[in-house]
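Colleague: I'm new to this one. Can you put it up and walk me through it?

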Amino acid sequence: MHDYYSFFTGPFAWITFLVFIFGSGWRFYSIWQLAKKKDSAVFEYMNMKFALRSIAHWIIPFGSRSMQINPAMTVVTFMFHISLFITPLFVFGHVVLWKENFNISWFTLSNTVADLMTLIVIGSCLFFLWRRIKLADVRYLTTPMDFIILFIVAAPFVTGFWVYHQFPGFAVMTIIHIISGEIMLMAIPFTKLFHMFLFPFTRGYIGSEFGGVRMAKDW
Amino acid sequence: MKKIIHNIIILTSIFVTGIGLILMSAGIVYADDCFNINNESIDKNTNTRPFICFEHDIHNETAGIENCSECHHIYDEHEELVPDESSEGQPCSECHADSKNSNNTDIGLAAKYHKLCRDCHLSREKGPVVCGECHRK
């Protein structure tokens, strides 16, 4: 127990940070190279004004036609993404660890709010799972990796909920919680989760092409 | 025969009372030994986790700690540990008080406390290390 804790909060945590940072750098670089080689029009048509206009429409709830057509998906996806980021950064148990290890701290969520947001993430993952299995058009685009990603994202929240409520075996579950968070961070550069960094560019390019070439809305 | 029964009753009463007194005194010792680490600066924060009692004497006996300064340490102005001096009776916040200055994030004191316990537990590979092992619901 103690050596596992030491390892996964020590050396393995640093390996995780390095993989996350350098993996993301490498991913940016390789996509950049690929675009230069295969689709150099991307660089010519990229336009800041059209890019920001498109991003703005897609980052505001119901800002695009697609979001208006699928209201359930819109509500769930916004609640999901907000909870996904806010909870781990501002839950009290994590902030106290930042204070202990790096002597920095910030605003913390109340226990009830953090608990609720955790349930939102778990519930959303179940919704996405249902959607991938049940909706024909989504199923058509689904690969096994999409299910793995869902599992990777849900795991830190399921284990976190388990640990906070001290269900049986919570001590071991705390170690699993740490590992699951580290797996998620390491998976970001190498999976679709990389859209957290890539979305301004993909959205921005579509916005540029629609705005500057097709003279049409892309939202 | 009557005398024997009489004696048995008396002896049994003494025995039961004795056991009772031992249990009660043990209870009192237990209660006395129960430290709730709950500084007022942390108390304000509604997000803190519940704390079970810290059984000071039992802990030190089990861990074989005889030198008070192992936990009740003193650092000099150069932040060097003063080996033979200890600070028992002095609240942690007297030195580790930076936590009192920051309003919403008054967790500095808790962080110091966590590190004191956990670092020792990790180096000895004994005792609680994850949140819920001390902060029982």
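Modeller: A definition to start with. A residue is buried if 20 or more other C-beta atoms lie within 10 Å of its own, exposed if 12 or fewer, and partly exposed in between, with C-beta atoms placed from the backbone. This is a predicted model, where local features need pLDDT of at least 70, side-chain atom pairs count only at pLDDT 80 or more, and totals for chains, interfaces and linings use all residues. Residues are numbered from 1 along each chain as its sequence is written, while chains are lettered from A and ligands numbered from 1 in the order in which they are written.

Colleague: OK. Which residues of α6(A) are buried?

Modeller: F80(A), S83(A), L84(A) and T87(A) are the buried residues of α6(A). Helices (H or I, at least four residues) and strands (E, at least two) are DSSP runs, numbered from the N terminus. What covers those buried residues includes α8 of chain A.

Colleague: And how many residues does α6(A) have?

Modeller: α6(A) has 20 residues. From first C-alpha to last, α6(A) reaches 28 Å, close to the 28 Å expected at 1.5 Å a residue. The expected span is 1.5 Å times one less than the number of residues.

Colleague: Zoom out. How many helices and strands in chain A?

Modeller: Chain A has 12 helices and 0 strands. Its C-alpha atoms fill a box of roughly 60 × 35 × 35 Å along the principal axes. Of its 219 residues, 21% count as buried.

Colleague: What about chain B? How many helices and strands there?

Modeller: Chain B has 6 helices and 2 strands. The order from the N terminus is α-β-α-β-α-α-α-α. Buried residues make up 9% of the 137 residues in chain B.

Colleague: How many residues of chain A are in contact with chain B?

Modeller: 21 residues of chain A are in contact with 18 residues of chain B. Contact here has a cut-off: the C-beta atoms, placed from the backbone, lie within 7 Å.

Colleague: Which elements of chain A give two or more residues to that side?

Modeller: Those are α1 (2-9), α7 (92-102) and α11 (170-187) of chain A. α7(A) gives the most, with 6 residues. The side of chain A that touches chain B divides into 9 nonpolar, 9 polar and 3 charged residues. For the classes, Ala, Val, Leu, Ile, Met, Phe, Trp, Tyr, Cys and Pro count as nonpolar, Asp, Glu, Lys and Arg as charged, and the others, Gly among them, as polar.

Colleague: At what angle do α7(A) and α5 of chain B cross?

Modeller: Roughly 70°, with the axes of α7(A) and helix α5 (residues 108-124) of chain B coming within 9 Å. That makes α7(A) roughly perpendicular to α5(B). The axes are lines fitted to C-alpha atoms, for helices over the stretch in contact, and angles run from 0 to 180 degrees between N-to-C directions. Under 35 degrees counts as roughly parallel, over 145 as roughly antiparallel, 65 to 115 as roughly perpendicular and the rest as oblique.

Colleague: Which residues make that contact?

Modeller: From α7(A), V96(A), K99(A) and E100(A). From α5(B), G108(B), A110(B), A111(B), H114(B) and K115(B).

Colleague: Which residues touch the most others in the largest nonpolar core?

Modeller: V96(A), V121(A), C125(A), I107(B) and A110(B), in a core of 20 residues. A nonpolar core is a set of buried Ala, Val, Leu, Ile, Met, Phe, Trp, Tyr and Cys residues joined through C-beta atoms within 7 Å. α8(A) gives the most to this core, with 5 residues.

Colleague: What is C125(A) in contact with?

Modeller: L150(A), V153(A) and A154(A), leaving aside neighbours within four places in sequence.

Colleague: New topic. Where does G63(A) lie?

Modeller: G63(A) lies in the loop between α4 (48-59) and α5 (65-69) of chain A. G63(A) and W219(A) are 156 residues apart in sequence, but 7.2 Å apart in space, C-alpha to C-alpha. G63(A) is partly exposed, because 16 other C-beta atoms lie within 10 Å.

Colleague: Last one. What is the phi of M215(A)?

Modeller: Near 50°, a positive value in a residue other than glycine. Most residues other than glycine have a negative phi. M215(A) is found in the segment after α12 (195-212) of chain A. With 7 other C-beta atoms within 10 Å, M215(A) is exposed.

Methods
Contact = placed C-beta atoms within 7 Å.
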